[in-house]
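Visitor: I have a structure to go through and have not seen it before. Can you walk me through it?

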Amino acid sequence: MADSHRVAPFTKGSMDALIGGEAVAVRLDRFASEDEIAGLAQLLLRGSIRTNSIAEVTRLGISQFEQGVRGSKEAYFAAAREQQGFADRVRQASFWPLDRFMAALGALGYDVDLMSEPGFGSYWAGNGKLRNGTTPVHVDFSPQDSPGWAVGEVRAQLAWNLYLVCAPTDELIIWDRQWCPADDDHLVPGEYFYDATVVEGATRFAIAPRPGEILVLNSRNYHTVATCENRLAFGSFIGVVAPDTLRFWS
Ligand SMILES: O=C(O)CCC(=O)C(=O)O
């Protein structure tokens, strides 16, 4: 169902509805100009380190799952400190979208900051994601995969993406259904994704991203990315740690 009118505009009310699981996505139009996204795409593609958790996404940066859960807290927070220099170089040459998006959420009345881990300090937030192929039905919800981490304690989890390069045929598909522990019976053995039966009966929304805009989704909702080629986005996760209190990480 192509139903992009169900995508809510960027207001405090829509963001609260997204956090509460009553909206599937929020769109922030014209977040960056064509020149800004072209400059940022070039800096990311040329200057960032490349890591992978799944075959179809080359991450231009690091992640708490890859360096942390699959590695260690020490490895992730060491990598997070090293990444600071890259963000500063992008800030000087262009703009760091995380700064601008945090300011926009702050202006709506949220308390915003980086996520912090007791004994380790601030998480890293803000990666490019270069996609080729299809991402099957999955959720991103740290209470499911990160026990023992501060991100494993979040009350709700969102994901935001600023689209830099995408085609008119690209689609982000989100179901109006959130993960619960019993759903893990539908996990494809040995994989992070689910059999499509997990979303049976749920409403499906197909959203076409546009370059220069941000889409925010509740990443506990089942979602998938339809086949795409060299699609480039930049974003992170956001955890709700207390009412109106948002903490960012990648
Ligand atoms: O690339 C997109 O449109 C967003 C997808 C996403 O955030 C995810 O698969 O976790």
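Guide: The buried residues of α4 pack against α2 (34-47), α3 (64-69), β6 (116-117) and β7 (121-122). Helices (H or I, at least four residues) and strands (E, at least two) are DSSP runs, numbered from the N terminus. Buried means that 20 or more other C-beta atoms, placed from the backbone, lie within 10 Å of a residue's own, and contact means C-beta atoms within 7 Å. This is a predicted model: local features need pLDDT of at least 70, side-chain atom pairs count only at pLDDT 80 or more, and totals for chains, interfaces and linings use all residues. Residues are numbered from 1 along each chain as its sequence is written.

Visitor: Which residues of α4 are buried?

Guide: They are Tyr76, Phe77, Ala79, Ala80, Phe86 and Val90.

Visitor: Where is the kink in α4 centred?

Guide: On Glu82, with a kink of about 25°; the bend is the angle between axes fitted to the seven residues ending there and the seven starting there.

Visitor: Now the ligand. What surrounds the ligand?

Guide: The surrounding residues include Thr135, Asp140, Asn161, Ser219 and His223. β13 (221-242) is one of the strands that supply at least two residues of this shell, and the largest share, three residues, comes from β13.

Visitor: And what is Leu158 in contact with, beyond its neighbours within four places in sequence?

Guide: Leu158 is in contact with Leu18, Ile19, Val216, Leu217, Asn218, Ser219, Phe237 and Ile238. Ser219 is also one of the residues around the ligand.

Terms used: Near = placed C-beta within 6 Å. Contact = placed C-beta atoms within 7 Å. Buried ≥ 20, exposed ≤ 12 C-beta atoms within 10 Å, placed from the backbone.
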